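I opened a new page for this model.

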Amino acid sequence: MSTQNKQFTLHEDWTVVVLGFIIIGISLFIFLPEIPVFKWSTETDLLVNVFNSGNLKIIGLQFLYLIAIGTLGAFLIGKSVKNFLLGFPIVYSLTILALIISGNTILKGLNLEAVIFSLIIGLCLGNFFILPRWFRSSLSTEVFVKIGLVLLGTTVIFSDILKAGSLGLVQALVVVLSVWYFAFWLCKKLKVDDELTLMISSAVSICGVSAAIATSGAIKGDSKKLSYVISIVLVTAIPMMIFMPIIAKHFNFPEEVTGAWLGGSIDTSGAVVASGSLVSETALKISTIVKFSQNVLLGLAAFAISVYWTYTQNKSEEAVTTKPTLAVIWERFPKFVIGFIAASLLFSFLLTAEVRDEVKDSLKNLQGIWFALAFTSIGLETKFKDLLGNTSRKPLYAFLIAQLFNIIVTLIIAFLLFKE
């Protein structure tokens, strides 16, 4: 019996690559899943826009689509298909609740993303209720995160790097490298553990939430640590989004400099757009270009971090005199990174711009829902003490100091590159 089960078991990382490309293939050649509406401002909007029969049908069809993909994943990995089928409807319902809450226009204005509400809802249920063992075992956090990351590769288009402008790309490279290494050095000085060090360094230097998730996937990081880093990213983005434009106006920074400063230092794309809009059209345009230039570096960063992690971890676990072989590095290398890069290459060089434009919104929605499902699952698995314990202080200090360094360095570079 065990031999038969083994025959149908696939490595988790290869499974998510397969599932990611099944989703991409369905979107390209079979049908595009419709995007549910979650935006509302009043109770009337909620009833008319979200809870109308047409939108509920789209949400129901999305559920069938996701549970079919997830069930195939559970089968390929060797998890209990029965438990997944019983547990996934609960996780999906909680995630939809989080998406509805985050769809409120006031909360959207504060840049509070769905993943933070997914995490909070999961934490509340996981901490105040005793969850059955079969339900906990049905949670597929890693699978959900990595499917989202493979789909994230479809948004990284190489030709857009050139469109972003040379100055934006130069700033992105200088900021990412300098801030990443400073954050890494600082975390080491504060004796932050290796996993948190890499997540914090990537989150504060590249693109916030997506960078933290990609880094965690690349190093097979602890989901509780990932939750902590993302919580810090989302919370600190709010005061930065509000006060940085005020500071720029008070000191009469040129609009181009302000845009480059906002785009290079604020960690989430939504907050960058919101803060740029508070200044001017020019600032909004420059901030978006700079932030996009940073985002396109995510694939390269994930690949480099994967190689670094597989090499250093092997070195620490094996005898000091034993050098890690290519076979060992390949075995430890997170294969989802290959899926991410393959998706990026496919959308960059093999598909026309028209096809990309046709499918990008639907794939972005699917990417977002997989991430939200993952954070609902993380919340259900996590205890409050894991997020709020005394051990969390040093990573918090490291993040805040690195973020301050990021703000100062980015402002200097913005003046050097964008002031006429």
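I began with burial: a residue is buried under 20% relative accessible area, exposed over 50%, and partly exposed in between, using a 1.4 Å probe and protein chains only. This is a predicted model, so I note that local features need pLDDT of at least 70, side-chain atom pairs count only at pLDDT 80 or more, and totals for chains, interfaces and linings use all residues. Residues are numbered from 1 along each chain as its sequence is written, and side-chain values use heavy atoms, with hydrogens and water left out.

**Entry 1: E195**

I looked up E195 and found it in helix α12 (residues 194-207). Helices here are DSSP runs of H or I, at least four residues, numbered from the N terminus. Is E195 buried or exposed? E195 is buried, because its relative accessible area is 17%. I then listed its contacts (heavy atoms within 4.5 Å). Leaving out residues up to four places away in sequence, E195 touches I219, K220, G221, D222, K225 and W309.

**Entry 2: salt bridges**

I searched for salt bridges, meaning a side-chain nitrogen of Lys or Arg within 4 Å of a carboxyl oxygen of Asp or Glu. How many are there in the whole structure? The search finds 4.

In the pair of K225 and D193, the closest N and O atoms are 3.4 Å apart. This pair links distant parts of the chain, 32 residues apart: K225 sits in helix α14 (residues 223-250), D193 in the loop between α11 (166-189) and α12. K225 is partly exposed at 23%, and D193 is partly exposed at 31%.

I also noted D194 with K188, at 2.6 Å from N to O. D357 bridges to K360 at 3.8 Å. Those two are about one helical turn apart, because they are separated by 3 residues in helix α21 (residues 353-381).

**Entry 3: a helix crossing**

I turned to α9 (residues 141-152) and α13 (residues 209-218). Their axes come within 10 Å and cross at roughly 115°. I took axes as lines fitted to C-alpha atoms over the stretch in contact, with angles from 0 to 180 degrees between N-to-C directions. V145, K146, L149 and L152 in α9 meet S210, I213, A214 and G217 in α13.

**Entry 4: cysteines**

I looked for disulfides (cysteine sulfur atoms within 2.5 Å) and found 0. C187 is buried at 0%, whereas C124 is partly exposed at 32%.
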